[in-house]
Amino acid sequence: MEKSRPFRPGPVDTLWLTLASLAFAGLDVTLYVFGEPTTGWAGPAAGVTLQVLLDLSLILLFRYPKLVAGLVTAGGLLMLASDLFSPGLLVPERQLTLMTVPTITPVVLSQLARLMDRRTLLWLTAILVACASRPWDAHWNTTPFGLLGTALPTTLSLYFEARRQLLRSLRDRAERAEREQHLLAERARAEERRKLAEEMHDVVTHRLSLMVLHAGALGVVSADEAVRTSAEDIRREGALALDELRDLVGVLRNGANAEPRTLTDGAAGDPATLVEESASVGIPTELTVRGDPGRISPTVARTAYRVVQEALTNVRKHAPGSTATVDLRYHAGGLDIAVENTRAGAAPDPALAGSGSGAGLAGLRQRVELIGGRFDAGPRTGGGYRVGAILPAYVPTTEGDR
C-alpha cells in the first residue's frame with residue numbers, strides 16, 4: 001500500500017481549529033453557567049476548568065497531535081474515574097450526556113486520521129468509546145451518544161482519509177500511465193526517425209553522389225569554359241547538399257533536439273550567403289541589415305537562417321522572374337525578419353514547384369513559436385508574397401551558447 005504523505009496544515013486549517021477551540025470553550029462555560037455544577041472537594045468549577053483547558057489544547061492539535069490526543073484521553077479517563085469513585089468531583093452527579101467525555105473529543109478524533117497512524121488511532125478510540133459509552137452500565141443517555149461522539153467521528157475520518165488516498169493513488173497512476181504513454185510515443189517516433197534516416201541515406205545520398213560525380217567528370221572532360229564553370233557549380237552545390245543531408249540524417253537518428261552542425265560553421269549560417277545564392281540563380285535579391293547581429297543568441301540565429309532560407313527557396317520555386325528583398329532588423333528585444341518578393345515574371349517550373357512537401361511554412365511557424373517568436377506569411381497587396389517573423393534575442397537551451 002502506498003505510504004501516506006504527511007499532512008501539512010495551511011493558514012485556513014489553523015484558523016478554523018482556533019475558532020473551534022474557542023467555540024467549545026464557550027460551550028463548556030455556558031453549560032457550567034446554566035447546568036449543574038460539580039460538588040466534589042475540588043470545587044464547583046473543577047469540571048469546567050478541565051474542559052476549558054482541553055478545549056484550548058485543540059489549538060495545538062496540528063503541531064502536537066500525540067500530545068493533544070494524550071491529554072484528551074487522560075481527560076476522559078479522569079472523568080470516568082470521577083464518575084466511578086468520586087461522583088461529583090469532575091462530572092456532576094446529574095450529568096449531561098455531552099460531559100461523559102471531553103466535549104472536543106469528536107473534533108480531535110475526526111482530525112487524527114490525517115495526523116497519526118491507524119493503529120494508535122484505533123487504540124485511542126477504543127479507550128474513549130469505553131469512557132463515553134460505559135458498556136458495563138449502559139443507559140439510553142450515555143451509551144448511544146457516547147458511540148456517536150467517539151466511534152462515529154473515527155469511522156468517518158478513516159473513510160474519508162482512505163478515499164482521499166485512493167483518489168490520490170489513482171491520480172498518480174493516471175499521471176504515471178500518461179508519462180509512460182508519452183515515453184512509448186517518443187520511442188516510436190525515434191524508431192520512425194531512424195527508419196526515415198536510413199531511407200534517406202540509402203536513396204537520396206546515392207542519387208546526389210551520382211550527380212556530384214557526373215558534374216565533376218563533365219568539368220574535367222569539357223573544353224567549354226562555361227560548361228566547366230556550370231559543372232563546378234553543380235558539383236559544389238551537390239557536395240553542400242550531401243553535407244546538409246548528412247546533418248539532417250544525424251538529426252533524425254539522434255532526436256529532434258539535435259542541431260545541424262552546418263549552421264554553426266561560419267558563413268553557412270549567414271543570411272548573406274542565401275541572398276548571394278538567390279541572386280546567382282536569377283532572382284535579384286536585396287539584403288538590408290540594421291542593428292548588431294551579435295545581440296541574438298546562436299539558437300535564434302539558426303532559426304533566422306532557416307526562415308530566410310525557406311522563404312527564398314519558395315521564391316525560386318513559385319515566383320521565377322520576380323525580385324526579392326530580405327530585411328533583418330536587430331534590436332535589444334530580438335530580431336525582426338521580413339522576406340518579400342514581387343509578382344512572378346514567368347511560369348513556375350513544374351519540377352521545382354512540385355518538389356516540396358508542402359509543409360515548409362508550417363514547419364517554420366512551429367520552429368519560430370517553439371522559441372517564443374511570432375510568424376506570419378501571406379500574399380502581398382498588389383501581388384507577390386511576404387514571410388515575416390519576430391524572434392526573441394535569447395532562448396535558454398541545454399546546449400549552451402557557442
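Biologist: What should I know before I start?

Modeller: The model is predicted, so to speak of local features we need pLDDT of at least 70, and side-chain atom pairs count only at pLDDT 80 or more, while totals for chains, interfaces and linings use all residues. Residues are numbered from 1 along each chain as its sequence is written, and side-chain values use heavy atoms, leaving out hydrogens and water.

Biologist: Okay, in what order do the strands of the sheet come?

Modeller: The order is 1-2-3-5-4, in an open sheet of 5 strands with mixed pairing. Strands here are DSSP runs of E with at least two residues, helices are runs of H or I with at least four, and both are numbered from the N terminus. Two strands pair if DSSP finds at least two bridges between them.

Biologist: Which strands stand at the edges?

Modeller: Strand 1 (285–290) and strand 4 (374–379) do; each has a single partner strand, so one side of each is left without a neighbour in the sheet. From one strand to the next, the twist averages 5°. Angles run from 0 to 180 degrees between N-to-C directions, with axes fitted to C-alpha atoms, for helices over the stretch in contact.

Biologist: How do strand 1 and strand 2 run, parallel or antiparallel?

Modeller: They run parallel, and 6 bridges join strand 1 to strand 2 (residues 324–331). Thr285 stands opposite Ala324 in strand 2.

Biologist: Which helices pack on the sheet?

Modeller: One of them is helix 8 (residues 271–280), touching strand 1 and strand 2, with its direction at about 165° to that of strand 1. Another is helix 11 (residues 360–370), which touches strand 4 and strand 5 (385–392) and makes about 155° with the direction of strand 4. Contact means heavy atoms within 4.5 Å.

Biologist: And what joins strand 2 to strand 3?

Modeller: A hairpin does, through 2 residues. These strands run antiparallel with 8 bridges, and Thr325 stands opposite Glu340 in strand 3.

Biologist: Is strand 3 mostly covered or open?

Modeller: Covered: 7 of the 8 residues in strand 3 (residues 334–341) are buried. Buried means under 20% relative accessible area, exposed over 50%, and partly exposed in between, using a 1.4 Å probe and protein chains only.

Biologist: New topic: what does the chain average in pLDDT?

Modeller: It averages 79, and 82% of the residues score at least 70. pLDDT is the predictor's confidence in each residue, from 0 to 100. Over residues 256–268 it is below 50, and that stretch has 25 contacts in the model beyond near neighbours in sequence.
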